[in-house]
Every structure is written in structure tokens, then in C-alpha cells.
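Please walk through the model below, moving from its helices to its ring pairs, charged pairs and surface.

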Amino acid sequence: MKYALITGASRGIGRAVALSLAEQYSIIINYHSNSECAQDVKQLIEEKGGHAELLPFDVADPKAIEAAIDSWEAAHPDEFISVLVNNAGIRRDNVMFMMSEDDWHSVLDTNMNGFFYITRRLLKHMMPRRHGGRIINMASLSGLKGMPGQVNYSAAKAALIGATKALAQEVAPRNITVNAVAPGFIQTDMTKELPEDELKRLIPVGRFGKAEEVAAVVTFLASDAAAYVTGEVINVNGGLYT
Ligand code: NAP
């Protein structure tokens with residue numbers, strides 16, 4: 001059985017990605033604390049005839065990641081994680097001169113260092129097996145354009161884009177592709193407090209996107225059809241270009 005591990009799969013975009021990839025893969029649902037929502041995603045996948053398991057850990061905690069993946073590997077000695085979607089993310093917005101050190105570090109720890117910890121561990125799983133693999137990183141329009149009030153988040157997402165391009169070149173000889181998806185405004189818990197009516201006037205398509213519309217691009221990048229696409233950043237933003 002081939003597995004796909006999606007971080008932050010209990011809600012929002014990660015949930016939509018888990019439901020979409022479940023048509024082709026066994027799903028490993030990572031989340032931080034919201035076990036009720038994670039359990040709902042598992043149940044939905046199973047109701048549709050798919051297979052899913054829960055693997056909670058904090059992506060910002062390298063020891064927790066090591067322990068979780070070690071125990072998963074011990075329980076699945078003949079199985080292989082071929083897709084990693086680095087989706088878990090948080091935002092803690094503020095203008096920079098008012099930003100606390102905690103808001104700076106927590107956003108970089110989750111959105112950027114989380115990518116490093118989990119991807120390094122999964123590369124140790126993928127590289128020796130020589131089955132190839134897919135790594136898909138959830139960046140953001142903020143990482144390309146820079147958004148006022150989000151210096152921490154924009155810095156983390158821009159770093160993720162640079163890391164995507166560098167790592168793509170490192171692991172291409174092992175048939176592992178590394179790409180980023182950069183959503184604009186997507187309707188999830190993360191954006192529910194934003195003034196949607198005001199902001200949607202800035203978007204050429206005239207609305208916020210749906211999590212499923214991001215998941216469709218991730219599903220393509222995870223597919224065999226995308227074997228020659230690597231080091232790319234694909235915008236899903238309704239035409240809201242930089
Ligand atoms: P969301 O609805 O707030 O969901 C966040 C998910 O990440 C939840 O499953 C949450 O788990 C998980 N998570 C948060 N911190 C974590 C941690 N330290 N360890 C493990 N899991 C953690 O967010 P979303 O809108 O779907 O965003 C998903 C990704 O897309 C993020 O990287 C975000 O930056 C990016 N993005 C979103 C938008 C947008 O408009 N929504 C735009 C551009 C980029 P719990 O349920 O356990 O809390």
C-alpha cells in the first residue's frame with residue numbers, strides 16, 4: 001500500500017487534500033490538537049471506502065516527529081510513504097513594530113522549521129527505498145508578494161519557496177519531486193475573520209477560493225502525470241497576481 005502523509009489534515013486545505021488523495025493513497029492524517037476534526041476526516045475517508053490513520057504531532061517539534069515516524073515505521077515495516085504534503089500552518093498577524101518575539105518565532109517554527117523537521121525525517125524514509133516520491137509544500141501568495149501585517153508569515157512562506165527550489169534539485173536524481181502551491185485567499189478557519197466582502201473586490205475572479213480548488217492542484221502534483229514537474233510554485237489565487 002502506498003501512503004500519503006498530510007500535515008494539518010484535520011481542517012481546511014489539509015482536510016480537502018486528504019479527502020482527494022484518499023482515492024489513490026492510504027492517508028496518514030497529521031494534526032496538532034484537534035482530534036475530533038481529525039477523527040471526522042478519517043471517518044469520511046473510510047465511508048468512501050478509503051483507508052486512513054491518525055498521526056498527531058506538532059510539526060515544530062523535531063523529537064515528536066522522530067517518535068511518530070519511528071513508531072509508524074515499526075508498525076508498517078513493508079509499507080512506504082510516497083507523498084508528503086507540508087500543509088500545517090498558522091498565522092499571527094501584526095505590524096512589525098508591534099510584533100512580539102513569540103508571534104515571530106511561532107510562525108517561523110510552524111510554517112518553516114516544521115517543513116525542515118518533517119521533510120528531513122521523511123527523506124530518510126524515501127531515499128533508501130528508491131521508489132521516488134512527491135513532496136508538496138503549502139506556500140502562499142504572501143511568500144511571493146509580501147503582505148503588510150504579515151512580515152513573519154511572508155518570511156516563512158518565502159523561505160519555503162526557496163527551500164522547495166533547492167531541495168527539488170537535490171533529490172531529482174532519486175525521482176522525488178518537490179513543488180510548492182501558493183494559495184491566495186481560501187475559505188477556511190484561517191481566513192474566517194477577514195473582511196471577505198471587501199477583499200474579494202481585489203480578486204479578478206471575484207471570490208475567495210475553496211479548499212477543494214487547492215486540493216485539486218496538490219492531487220495533480222502527487223500524481224504520476226506530474227513526474228516531470230519539480231521546483232515549481234503553482235498559484236491558486238483567482239488571478240490575484242503579484
Ligand atoms: P486552518 O484551517 O487554520 O488549518 C490549519 C491546520 O494546520 C489544522 O489541521 C491544524 O491542526 C494544523 N496545524 C497548525 N499548527 C500545527 C502544528 N504545529 N503541528 C501540526 N499541525 C498543525 O488553515 P488552512 O487555511 O487550511 O491553511 C493550510 C495551509 O495553507 C497553511 O500552511 C496556510 O499557511 C496555507 N495557506 C492558507 C491560505 C488561506 O487563505 N486559507 C492561503 C495561503 C496559504 P489542528 O486542527 O489540530 O489545530
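The paragraphs that follow take up helices, aromatic pairs, salt bridges and a few loop residues in turn.

This is a predicted model, in which local features need pLDDT of at least 70, side-chain atom pairs count only at pLDDT 80 or more, and totals for chains, interfaces and linings use all residues. Residues are numbered from 1 along each chain as its sequence is written, and side-chain values use heavy atoms, with hydrogens and water left out.

Begin with the helices. Helices (H or I, at least four residues) and strands (E, at least two) are DSSP runs, numbered from the N terminus. Helix 6 covers residues 151-171, which is 21 residues. From its first C-alpha to its last it reaches 30 Å, close to the 30 Å expected at 1.5 Å a residue; the expected span is 1.5 Å times one less than the number of residues. Burial is judged by relative accessible area: buried means under 20%, exposed over 50%, and partly exposed in between, with a 1.4 Å probe and protein chains only. The buried residues of helix 6 include Tyr153, Ala156, Lys157, Leu160, Ile161, Thr164, Leu167, Ala168 and Val171. An α-helix has 3.6 residues a turn, so residues three or four places apart point the same way. What do the buried residues of helix 6 pack against? Their partners are helix 4, helix 5 (141-145), strand 5 (133-138), strand 6 (176-183) and strand 7 (233-236), where contact means heavy atoms within 4.5 Å.

Helix 1 is mostly covered, with 7 of its 10 residues buried. Those residues are Ile13, Gly14, Ala16, Val17, Ala18, Leu19 and Leu21. Alanine 22 sits in the loop between helix 1 (12-21) and strand 2 (26-29). At 17% relative accessibility, alanine 22 counts as buried. Leaving aside neighbours within four places in sequence, alanine 22 is in contact with Ile27 and Ile45. Alanine 22 and lysine 42 are 20 residues apart in sequence, and their C-alpha atoms are 9.9 Å apart in space.

Next come the rings. A pair of aromatic rings is described by the distance of the centres and the angle of the planes. Rings of Phe, Tyr and Trp (its six-membered ring) pair if their centres lie within 6.5 Å; planes under 30 degrees apart count as stacked, over 60 as edge-to-face and the rest as tilted. The structure holds 3 aromatic pairs. In one of them, the ring centres of tyrosine 3 and tryptophan 72 are 4.9 Å apart and the planes stand at 80°, so the pair is edge-to-face. This pair links distant parts of the chain, with tyrosine 3 in strand 1 (residues 2-6) and tryptophan 72 in helix 3 (residues 62-75), 69 residues apart. Tyrosine 3 is buried at 2% relative accessible area, and tryptophan 72 is buried at 3%. Phenylalanine 116 and tyrosine 117 form a tilted pair, 5.7 Å centre to centre with 55° between the planes. Phenylalanine 116 is partly exposed at 42%, whereas tyrosine 117 is buried at 18%.

Phenylalanine 116 lies in helix 4, and arginine 121 is found in helix 4 too. Arginine 121 is buried, with 6% relative accessibility. Not counting residues up to four places away in sequence, arginine 121 touches Ile65, Glu66, Ile69, Asp70 and Glu73.

That leads to the salt bridges. A salt bridge is a side-chain nitrogen of Lys or Arg within 4 Å of a carboxyl oxygen of Asp or Glu. By this rule the count comes to 9. Arginine 121 forms a salt bridge with glutamate 73, the closest N and O atoms being 2.7 Å apart. Arginine 121 lies in helix 4 and glutamate 73 in helix 3, so the pair ties together parts that are 48 residues apart in sequence. Glutamate 73 is partly exposed at 21%. Aspartate 189 forms a salt bridge with lysine 192, with 3.9 Å between the closest N and O atoms. Aspartate 189 is partly exposed at 38%, while lysine 192 is exposed at 59%. Salt bridges that share partners join Glu66, Asp70, Glu73 and Arg121 into one network.

Asparagine 175 has a positive phi of about 60° although it is not a glycine. Asparagine 175 is placed in the loop between helix 6 and strand 6, and is exposed at 59% relative accessible area.
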